[in-house]
Amino acid sequence: MFILEAIRDFFVGLGSQFYQTMIVDDRWKMLISGLQNTLIIAFFALLIGVAIGTFVAIVKVMAVMNSKSKLLRLLNWLCNIYINIIRGTPVVVQLLIMYFVVFVSVTNALFIAIVSFGLNSGAYVAEIMRAGILAVDKGQTEAGRSLGLSGSQTMKAIILPQAIKNILPALCNEFITLLKETSIAGYVAIQDLTKAGDRIRFTTYDPFTPLIVVALIYLVMVLGLTWIIGKFERRLAKSDNR
Amino acid sequence: MITVKKLNKKFGDNHVLRDIDEFIEKGEKVVIIGPSGSGKSTFLRSINLLETPTSGEIWYEDECITKPGYDADRIRRRMGMVFQHFNLFPHLNIMKNITLAPVMLKIMTQDEADERALRLLRRVSLQEKADAYPSSLSGGQKQRIAIVRSLAMNPQVMLFDEPTSALDPEMVGEVLDVIRELAEDGMTMIVVTHEMGFAREVGTRILLMDEGRIIEQNSPDRFFTEPKHPRVIEFLSKVL
């Protein structure tokens with residue numbers, strides 16, 4: 001009997017602790033607006049990342065195909081520098097440099113965060129796309145070229161539509177990574193989900209409730225996305241044997 | 001029609017083609033045979049510049065297609081190529097597979113290309129597959145479609161790179177029938193194959209390659225009945 005009562009007391013205590021920390025003064029609303037910022041940053045950064053990544057991947061693949069083109073060699077060289085810098089430095093440092101050095105006169109921190117995470121993600125998306133393009137059978141390129149299509153026509157009409165299938169699932173994973181990485185946006189005074197939870201922690205002196213709630217919100221989003229990717233992959237696998 | 005002068009191709013240290021000189025006339029059906037690794041496919045792929053020669057020249061009619069800056073796409077539009085592994089586009093249906101290149105290159109409108117595709121499909125008795133996707137076809141059907149896809153560009157030369165090597169034995173016949181019919185229509189063709197019966201029947205000239213060189217060539221009858229080079233006699237004794 002004693003144990004049951006102890007458990008009951010624990011949960012009642014938890015309930016009132018939750019009420020005190022999250023509901024009083026509408027503090028939960030801070031989490032909602034923080035979540036909103038987190039999603040905005042992740043979503044637009046992914047858009048930028050995909051745009052940059054597509055360009056970089058195509059440059060790198062085309063540069064291998066026509067090694068004689070001087071323009072492609074130059075672009076390829078620049079792309080390699082970009083990828084090495086981005087992948088070789090921590091994303092927090094990149095964010096701080098963007099905020100305190102590059103965009104020092106820009107006051108919109110959200111914009112700076114989107115650009116930083118977008119540039120960061122671009123390097124990883126580029127590698128995802130490059131791998132997806134290279135996974136398409138070489139015979140497909142040869143067939144396109146032997147029909148007289150140019151390199152870029154072959155890429156557009158034959159290779160990319162097939163590469164998409166390899167790319168999409170990995171791209172969703174990149175979005176998951178990005179979503180979690182945005183939790184460092186607090187470094188540049190952005191009220192994202194993590195920062196909001198942290199602010200509740202130091203206004204209420206209750207670290208347990210807000211941080212666990214924040215973690216659960218991330219977890220639910222990531223599990224949801226993972227489930228969607230699973231569905232996606234099964235659909236794509238099915239269309240292979242049509 | 002096609003002149004090859006002192007053609008050499010190296011992949012790193014591997015000297016695949018050695019000083020090949022060859023002249024192919026319009027309407028000829030040249031069949032290239034030889035052991036694997038002898039350079040047959042590389043030679044064929046050099047002719048439409050899928051491989052860039054290390055040295056030497058290839059002339060198509062009065063154009064040197066190996067000179068620096070020559071637009072390889074131009075020559076490829078006039079030469080069809082059929083691959084061992086078909087290389088149909090899996091994401092496009094048969095009709096789109098056939099019409100993609102002529103429409104994209106603005107040689108035909110979509111309507112003209114569709115009409116021509118249907119006519120060609122009827123020729124290989126696959127018109128009912130127009131809306132199917134490649135993965136639903138048998139190997140033999142895929143290869144017949146691949147031939148049709150090349151013909152849709154109205155080529156003057158057809159290159160066949162072991163067109164029946166990836167097929168189940170019972171499907172070889174249907175593909176060879178299509179190639180034979182094409183030969184009878186007067187198409188200039190260069191065929192790399194291991195089908196000796198077909199080589200003898202359809203070829204107007206047979207080349208045997210070994211270690212990057214053409215070591216013997218003759219008309220089909222003489223080639224098989226009076227081989228001279230000891231390597232040719234040895235090769236024929238193995239495959240016949």
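Helices (H or I, at least four residues) and strands (E, at least two) are DSSP runs, numbered from the N terminus. The expected span of a helix is 1.5 Å times one less than its number of residues.

The model is predicted: local features need pLDDT of at least 70, side-chain atom pairs count only at pLDDT 80 or more, and totals for chains, interfaces and linings use all residues. Residues are numbered from 1 along each chain as its sequence is written, chains are lettered from A and ligands numbered from 1 in the order in which they are written, and side-chain values use heavy atoms, with hydrogens and water left out.

**View 1. Helix α5(B) is mostly covered.** From its first C-alpha to its last, α5(B) reaches 18 Å, close to the 18 Å expected for its 13 residues at 1.5 Å a residue. Twelve of the 13 residues are buried (under 20% relative accessible area; exposed is over 50% and partly exposed in between, with a 1.4 Å probe and protein chains only). Among them are B:G139, B:Q141, B:R144, B:I147 and B:L151. The buried residues pack against α6 (138-146) of chain A, and also against β6 (79-82), α3 (94-104), α4, β7 and α6 of chain B.

**View 2. Helix α6(B) covers residues 169-184.** Its 16 residues should span 22 Å at 1.5 Å a residue, and the end C-alpha atoms are 24 Å apart, which agrees. The buried residues of α6(B) include B:M171, B:V175, B:I179, B:R180 and B:A183. What covers the buried residues includes β3 (29-33), α4 (110-123), α5 (139-151), β7 (157-161), β8 (188-192) and α7 (196-202) of chain B. Just after the helix, B:G186 takes a positive phi of about 95°.

**View 3. The whole structure has one cavity of 30 Å³ or more.** On a 1 Å grid over the protein atoms alone, a cavity is a set of points where a 1.4 Å probe fits but cannot get out, a pocket is an open set with protein on both sides within 12 Å along at least five of seven lines, and lining residues have an atom within 4 Å of a point. The largest cavity holds about 40 Å³ of space. Its lining consists of B:R123, B:V124, B:L151, B:V178, B:E181 and B:L182, and α6(B) gives the most, with three residues.

**View 4. The largest pocket holds about 1,300 Å³ of space.** Of the 42 residues that line the largest pocket, A:M65, A:N66, A:R145, B:L50 and B:T52 are the closest to its centre. Elements giving two or more residues to this lining include α2 (28-65) and α5 (109-134) of chain A and β1 (2-11) and β4 (55-60) of chain B.

**View 5. B:N48 lies in the loop between α1 (40-47) and β4 of chain B.** At 0% relative accessibility, B:N48 counts as buried. Leaving aside neighbours within four places in sequence, B:N48 is in contact (heavy atoms within 4.5 Å) with A:S146, B:R76, B:M79, B:M81 and B:L159.

**View 6. Five aromatic pairs occur over all chains.** Rings of Phe, Tyr and Trp (its six-membered ring) pair if their centres lie within 6.5 Å; planes under 30 degrees apart count as stacked, over 60 as edge-to-face and the rest as tilted. The ring centres of A:Y99 and A:F100 are 4.7 Å apart and the planes stand at 85°, so this pair is edge-to-face. For A:F103 and A:F111 the centres are 5.7 Å apart and the planes at 75°, so this pair is edge-to-face. A:F103, at 19% relative accessibility, counts as buried, whereas A:F111, at 39%, counts as partly exposed.

How values were computed. Grid points are joined across faces, edges and corners, and a volume is the space filled by probe spheres set on the points.
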